[in-house]
Amino acid sequence: MASFRTSWHCLLAACLFLLASAAHGQQLSSSFYAATCPTLELIVRTTMLTALLAERRMGASLVRLFFHDCFVQGCDGSILLDDVGSFVGEKGAGPNVNSLRGFDVIDQIKANVELICPGVVSCADIVALAARDGTFLLGGPSWAVPLGRRDSTTASLALANSDLPSPVSGLAALLAAFGNKGLGPGDLTALSGAHTIGFSQCQNFRAHIYNDTDIDPAFASLRQRTCPAAPGTGDSSLAPLDVQTQLVFDNAYYRNLLAKRGLLRSDQALFNGGSQDALVRQYSANPALFASDFANAMIKMGNISPLTGTAGQIRANCRVVNSS
């Protein structure tokens, strides 16, 4: 009888452990939707292809959207929530307002997915897949995206203002910001390579092109033509983050850094006599190494504090929390 009781207690304990794991600690898996939405990745890829045919820059915008989602509360789709009534989202934060893009593309992917697999796929997972496809469709690497995230019911304007690295940060601040999210120096340098595609606003690089000495003078002069020195004038004027191939995902970003042609202060900080100089040199000479490290770093970033199991929800509309 005692043996039976012991076995029963062990079985009960095992069941409780499994229930707790399901609610709180479920691992992400690239095959998460294999049974419930097997065509998910095809739907995302075709919608992304349509979006990039309309505007190639959108690939970079969706990589950035994923980054800005994961660095605030983890990869939970909180960046997608609109300010509605008394609810305050993250879109109005300093690093996001009037600059973060791609929300309409996420809406379109979500609508297309809902037609085939209603109520199954989270907005957070759609952002992760869109970032991967935005990279791949512009010539970058592909990778198996771990899936199974659920969507948050909250957002944090304060964390969006405090946790996202600034374009005027030096290396120490960048290392600290990434370290706070469990990302190491190598992850910082690899993920910064996303700046091989896309554009940035004058207000983000004005200080670097006018005040800093770690910049090629001819490059500074080129950028000054469309970015006036006076704050408040031409603030939103765009310049390519990669002066060579701004719409192709390659390793030219690192070659730019060697030539002191990083657009942002936070870009050039990676190659300025500091700890990341050697890795920048490696990536500039070895595109395959960069592609591999970038893919691995994106997977690692995608694992920042996801909601899994019964936590969060699967939003019907990515912009608003489901009504109870």
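Biologist: Which residue's backbone oxygen lies 3.4 Å from a polar atom of the Arg150 side chain?
Modeller: In this predicted model, that is Gly312, whose backbone oxygen lies 3.4 Å from a polar atom of the side chain of Arg150. The backbone oxygen of Gly309 also faces a polar atom of the Arg150 side chain, with 3.2 Å between them.

Biologist: And where is Arg150 itself placed?
Modeller: Arg150 sits in the loop between H5 and helix H6, the latter covering 157–163.

Biologist: What else does Arg150 touch, if I leave out residues up to four places away in sequence?
Modeller: With those left out, the residues touched by Arg150 include Asp76, Ser122 and Ala124, and also the run from Leu307 through Thr308, Gly309, Thr310, Ala311, Gly312 and Gln313 to Ile314.

Biologist: Changing topic, how many salt bridges does the structure hold?
Modeller: The structure holds 15 salt bridges. Side chains of opposite charge can pair when their charged atoms come close. One of the pairs is Arg319 with Asp82, where the closest N and O atoms are 3.5 Å apart.

Biologist: Why does the pair of Arg319 and Asp82 tie together parts that are 237 residues apart in sequence?
Modeller: Arg319 lies in the segment after helix H14 (287–301), while Asp82 belongs to the loop between H3 and helix H4 (103–116), so the pair ties together parts that are 237 residues apart in sequence. Another salt bridge joins the side chains of Arg132 and Asp133, with 2.6 Å from N to O.

Biologist: What about domains, which ones does the assignment give?
Modeller: The domain assignment of the chain gives domain 1, covering 39–163, and domain 2, covering 171–300. Their C-alpha centres lie 22 Å apart, and 21 residues of domain 1 are in contact with 18 residues of domain 2.

Biologist: How much area do domain 1 and domain 2 bury between them?
Modeller: Domain 1 and domain 2 bury about 1,600 Å² between them, and 74% of that area is on carbon and sulfur atoms. On the domain 1 side, the residues that lose the most area to domain 2 are Arg57, Phe71 and Trp143, which together make up 34% of what that side buries.

Biologist: How many salt bridges are counted between domain 1 and domain 2?
Modeller: The count between domain 1 and domain 2 is one salt bridge. There are also five residue pairs in polar contact between the two domains, with both residues of each pair at pLDDT 80 or more.

Biologist: Last topic, which residues does the UniProt annotation "binding site" cover?
Modeller: That annotation, from an unreviewed UniProt entry, covers Asp69, Val72, Gly74, Asp76, Ser78 and Glu90. They are spread over 22 residues of sequence and yet cluster in space, the largest C-alpha distance being 12.9 Å. Asp69 is found in helix H3.

Biologist: And which residues does UniProt list for the "Plant heme peroxidase family profile" domain?
Modeller: The unreviewed entry lists residues 27–322 under that name. In the model, this span is 45% helix and 2% strand, and its end C-alpha atoms lie 24 Å apart.

Note on methods. Residues numbered from 1 in each chain as written. Predicted model: local features only at pLDDT ≥ 70, side-chain atom pairs only at ≥ 80, totals over all residues. Heavy atoms only, no water. Domains from an automatic or database assignment. Contact = heavy atoms within 4.5 Å. Buried area = accessible area lost by both parts, 1.4 Å probe. Salt bridge = Lys/Arg side-chain N within 4 Å of Asp/Glu carboxyl O. Polar contact = N/O pair within 3.5 Å; in protein donor to acceptor, adjacent residues only side chain to side chain. UniProt positions renumbered as here; feature names shortened; annotations may be inferred. Helix = DSSP H or I, 4+ residues; strand = E, 2+ residues; numbered from the N terminus.
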